[in-house]
Amino acid sequence: MPIILATDFIVYLLFIGALFFVSLAIKRQGKAFDVLRRIKGNRLAALSTIALVAYGLIAFCDSVRWRDAITDEKGVVQKTEYGKTIFNPEPLSILDRVFIKKREEVEKTFSAPLADTLFVKETIELPDGPTIRDYPPLKYPGTHLLGTDKVGGDVFFAALKGIRTGVVIGAGTTVVMIPFAILFGVLAGYYGKWIDDIIQYTYTTLSSIPGVLLIVAFMLIFGTEGYQGGIVTDKDLALSIFVLNERLFWLCVIMGITSWTDLCRLIRGETLKLRELEYVQAGRAFGSSGLAIIWRHIVPNVTHLVLITMVLQFSGLVLAEAILSYIGIGVGAETGSWGNMINNARLELSREPSVWWSLAGAFVFMFCLVLPANIFADAVRDALDPKFRGK
Amino acid sequence: MARYIIRRLLYAIPIIIGVNILTGILFFYVNTPDDMARKILGEKNVTAEAIEGWKREHGYDLPFAINSGEDGVEKITQTILFQKSVPLLWFDFGTSDRENVDIKEEISRRIWPSFAVALPTFTIGILASLVFSMLVAFMRGTYLDAWGVVACVVMMSISTLFYIIGGQYFFGKLLKLFPVSGYDTGIHSLKFLILPVVIGVISSIGGGVRFYRTVFLEELGKDYVKTARAKGLSEAVVLFKHVMKNAMIPVLTNVVVSIPFLFYGSLIMESFFSIPGLGSFTINAINAQDFAIVRAMVYLGSILYIIGLVMTDISYTLVDPRIRFE
């Protein structure tokens with residue numbers, strides 16, 4: 001029984017968008033081809049793109065999920081008295097299923113990377129009577145690439161699960177805000193007068209509130225409920241098959257509300273310029289309606305701004321997620337995220353000797369997403385922004 | 001000039017009112033006073049009388065925006081929105097929802113530790129970014145420049161949390177150079193301030209250098225630079241005397257744009273280093289879901305940003321005499 005979350009749509013959308021972009025590039029069309037050529041000519045950018053694609057694929061695998069029917073030992077599907085199949089309350093994604101062993105191989109508590117014993121001493125009773133204090137052996141020695149955390153979960157797997165959250169926050173926030181930014185930016189720029197005044201006033205007001213506090217306020221009020229990962233309750237399902245009321249999704253929406261203003265301002269400025277160009281004037285002279293001109297001539301000519309903003313904002317948003325989780329208003333505790341990993345592990349660094357692998361895992365995985373994203377963003381900007389072209 | 005400043009200040013008034021109305025709707029209408037009372041008094045076993053009592057005590061027992069029970073002006077004034085918003089204009093923040101502390105007094109006490117961290121971080125950060133970016137712009141096209149840009153991108157890609165946690169661990173715990181966290185009064189606070197300031201500067205320098213480098217490079221491509229070189233000025237004079245002056249506008253804009261990030265930075269900095277400033281005050285209020293404090297901080301932050309905007313506009317006219325808004 002498939003479960004599709006609202007944030008899964010964001011990942012699917014991203015996937016379709018990427019496919020569309022690549023197909024355009026292969027057909028040697030427009031801006032997509034410029035970007036591809038720029039990336040091909042730059043080894044660093046090419047490597048970054050490969051890394052981003054790998055992250056994207058993992059996020060995609062973690063966004064296709066379904067619930068299994070519960071079976072007894074003989075493999076017979078369990079049914080209720082009304083003949084309805086009983087499903088496992090926790091949906092598993094493809095990623096979960098690939099790493100099913102990592103999910104289930106849980107130790108008692110901390111263990112160092114690839115260690116054979118636990119990290120803390122325990123009183124062990126020897127078979128012949130006396131007790132000693134020593135490091136007890138692990139149940140699954142040598143299999144935890146990055147060790148285990150406080151409750152014995154595999155750190156490597158937790159870091160992998162964080163990828164989806166990072167990608168969703170980084171891309172989803174922009175995906176959510178793009179329609180509003182384009183709509184308001186183009187309207188303000190094209191029609192001017194009182195429409196422009198109202199829209200300008202709105203975004204100046206919104207942007208003068210410190211973004212992080214606005215996010216905090218919204219999250220305190222709207223974001224406390226909703227599906228947080230893990231078990232799907234009947235209440236979640238009652239909404240529909242799509243569990244729309246999801247905390248991660250609200251975080252994207254809220255961060256979108258606080259971050260659309262910059263893009264809107266850029267698009268407004270560009271539209272002001274485009275409005276005066278000859279071909280737009282000609283369109284107007286031939287009697288095209290305002291909306292037709294906007295759709296045919298203005299919107300296609302601001303897409304490069306949208307693309308540039310999207311890739312430039314991506315890395316900042318991924319980093320912001322960690323900070324918001326630290327403040328306690330990020331994604332839910334059940335949703336695996338690097339911010340949650342850092343937050344849970346930061347006090348363990350002061351142990352003697354310190355537990356560093358949880359932090360290291362989260363930071364390295366985050367770094368390996370943010371660095372390629374930054375390099376990729378530069379390449380895209382260089383290819384699309386005339387100001388940077390040829391430098 | 002005076003007329004321009006006055007007009008610029010008048011433009012700020014509707015924005016301040018807008019911020020007030022927006023946060024008022026968000027905090028007192030979408031999130032009703034009943035919700036607040038229930039959160040503060042505990043979710044379960046709360047009687048309706050207890051909620052009413054709490055609302056009366058904290059002044060939330062009025063209608064939201066229009067009081068139909070009153071006459072004339074009081075229709076508007078005897079409401080939550082009016083009672084809770086208008087005093088903000090003269091910085092009367094009232095008392096907090098949970099522990100009844102005087103918010104204004106708390107803020108005026110905590111603002112100094114915040115300044116002690118934020119101001120040096122901000123100024124040193126900007127100066128260091130400017131110096132380094134000029135250096136790489138001066139060395140443009142060389143290996144130093146190429147590697148400098150790579151280093152910037154790498155530094156930008158590292159989470160601030162890593163700088164903080166790593167810095168505390170390395171300098172505080174391993175080298176024992178500075179105390180890991182804490183705060184003291186007067187001159188003794190210095191040893192507590194060095195580490196947060198250094199970490200704050202390091203975490204901002206990557207993005208800063210990269211941004212200012214593009215600004216300088218853009219200016220270097222312009223015609224007046226060619227003229228200056230053609231008349232025999234040394235590269236250093238060109239860079240520091242001519243380019244520097246012309247690059248001031250984007251630099252100033254960027255400085256103002258980063259003022260809200262001061263807020264952002266201080267939130268985590270102060271709570272990691274246990275500095276009793278506004279940032280940790282806000283974080284505590286967030287965790288306690290104390291909306292009166294959060295709203296006061298939102299308001300204060302917006303005022304700061306608006307003042308910054310007005311100040312940049314004024315400084316534009318000082319830096320570039322061609323800019324005169326009519």
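Biologist: How many helices and strands does chain A have?

Modeller: A word first: this is a predicted model, where local features need pLDDT of at least 70, side-chain atom pairs count only at pLDDT 80 or more, and totals for chains, interfaces and linings use all residues. Residues are numbered from 1 along each chain as its sequence is written, with chains lettered from A and ligands numbered from 1 in the order in which they are written. Helices (H or I, at least four residues) and strands (E, at least two) are DSSP runs, numbered from the N terminus. Counted that way, chain A has 14 helices and six strands.

Biologist: Thanks! What share of the residues of chain A count as buried?

Modeller: A residue is buried if 20 or more other C-beta atoms, placed from the backbone, lie within 10 Å of its own, exposed if 12 or fewer, and partly exposed in between. Of the 391 residues of chain A, the buried share is 45%.

Biologist: At what angle do helix 6 and helix 10 of chain A pack?

Modeller: Axes are lines fitted to C-alpha atoms, for helices over the stretch in contact, and angles run from 0 to 180 degrees between N-to-C directions. For helix 6 (residues 155–191) and helix 10 (residues 247–275) of chain A, the axes are 5 Å apart and the angle is about 35 degrees.

Biologist: Which strand of chain A pairs with strand 4, and in what sense?

Modeller: Two strands pair if DSSP finds at least two bridges between them. Here there are four bridges, and I124(A) stands opposite I132(A). The hairpin has five residues between the strands, with G129(A) at a positive phi near 120 degrees. The partner of strand 4 (residues 122–125) is strand 5 (residues 131–134) of chain A, and the sense is antiparallel.

Biologist: Which helix gives the largest share of the side of chain B that touches chain A?

Modeller: Two residues are in contact if their C-beta atoms, placed from the backbone, lie within 7 Å. The contact takes 37 residues from chain B and 32 residues from chain A. The elements of chain B giving two or more residues include helix 8 (160–174) and helix 15 (291–319). The largest share, nine residues, comes from helix 1 of chain B.

Biologist: And which residues of helix 5 of chain B are buried?

Modeller: Helix 5 of chain B covers residues 80–89, and just after this helix F91(B) takes a positive phi of about 60 degrees. What covers its buried residues includes helix 1, helix 4 (74–77) and helix 15 of chain B. The buried residues are I80(B), L81(B), F82(B), K84(B) and L88(B).
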